[in-house]
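The sequence and structure are shown below.

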Amino acid sequence: MPGPGIDWEALRLAAVAAATHAYCPYSRFPVGVAGITTDGRTYAACNVENAAYGVGLCAECGLVSALHMGGGGQFAGVYCVGADGRALMPCGRCRQLLWENGGGDCLLMTPVGIRAMADVLPQAFGRDDLDRLAGT
Ligand code: THU
């Protein structure tokens with residue numbers, strides 16, 4: 001299984017800690033996520049809901065913002081958890097966010113083990129598509 005250089009339990013604990021900050025009065029579904037960059041920085045975030053339900057922020061939104069506030073770069077590994085502290089699959093939109101900020105090689109802890117982003121978001125749309133069709 002890939003990802004031997006990543007301390008997955010440390011990442012899980014960071015995600016569990018982040019979930020304690022979740023603001024989820026509407027769904028009552030706290031989510032925490034933690035990611036480690038290719039150069040070893042760890043960021044974490046929680047979901048933040050809104051009375052206008054549709055504008056609520058998934059935990060991964062905060063994670064990506066934290067990455068950029070911390071200097072940017074790419075995630076090498078991401079662990080998202082629910083209230084039970086176990087791996088939770090990022091929603092489709094958030095897989096797209098992780099794709100942009102980690103690429104296909106970024107590893108994700110899933111309920112069935114570690115998987116590459118390329119496996120959980122196959123044939124992803126990305127900046128390559130924009131570049132390929134630029135100027136046409
Ligand atoms: N949620 C996340 O934070 N990340 C995901 O990838 C899936 C869903 C949040 C959004 C909402 O606040 C709650 O979980 C219930 O959908």
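An oxygen atom of the ligand lies 2.8 Å from a polar backbone atom of Ala 59, where a polar contact is a pair of N or O atoms within 3.5 Å. The table lists this contact together with two that involve side chains.

| Residue | Part of the residue | Distance to a ligand oxygen atom |
|---|---|---|
| Ala 59 | backbone | 2.8 Å |
| Glu 49 | side chain | 2.5 Å |
| Glu 60 | side chain | 2.8 Å |

Of the 370 Å² of accessible area that the ligand has on its own, the protein covers 76% (Shrake-Rupley method, 1.4 Å probe). The model is predicted: local features require pLDDT of at least 70 and side-chain atom pairs pLDDT 80 or more, whereas totals for chains, interfaces and linings use all residues. Residues are numbered from 1 along each chain as its sequence is written, and side-chain values use heavy atoms, with hydrogens and water left out.

The residues surrounding the ligand (a heavy atom within 4 Å) include Ser 27, Phe 29, Val 31, Asn 47, Pro 90 and Cys 91. By class, this shell has 6 nonpolar, 2 polar and 2 charged residues; Ala, Val, Leu, Ile, Met, Phe, Trp, Tyr, Cys and Pro count as nonpolar, Asp, Glu, Lys and Arg as charged, and the others, Gly among them, as polar.

The structure holds 0 disulfides (a disulfide is a pair of cysteine sulfur atoms within 2.5 Å). For Cys 46, the nearest cysteine sulfur is that of Cys 24, 8.4 Å away. Cys 58 also belongs to the ligand's surroundings, and the nearest cysteine sulfur to Cys 58, that of Cys 94, is 3.7 Å away.

Terms used:
A polar contact is a pair of N or O atoms within 3.5 Å; within protein, one must be able to donate a hydrogen and the other to accept it, and residues adjacent in sequence count only if both atoms are side-chain atoms.
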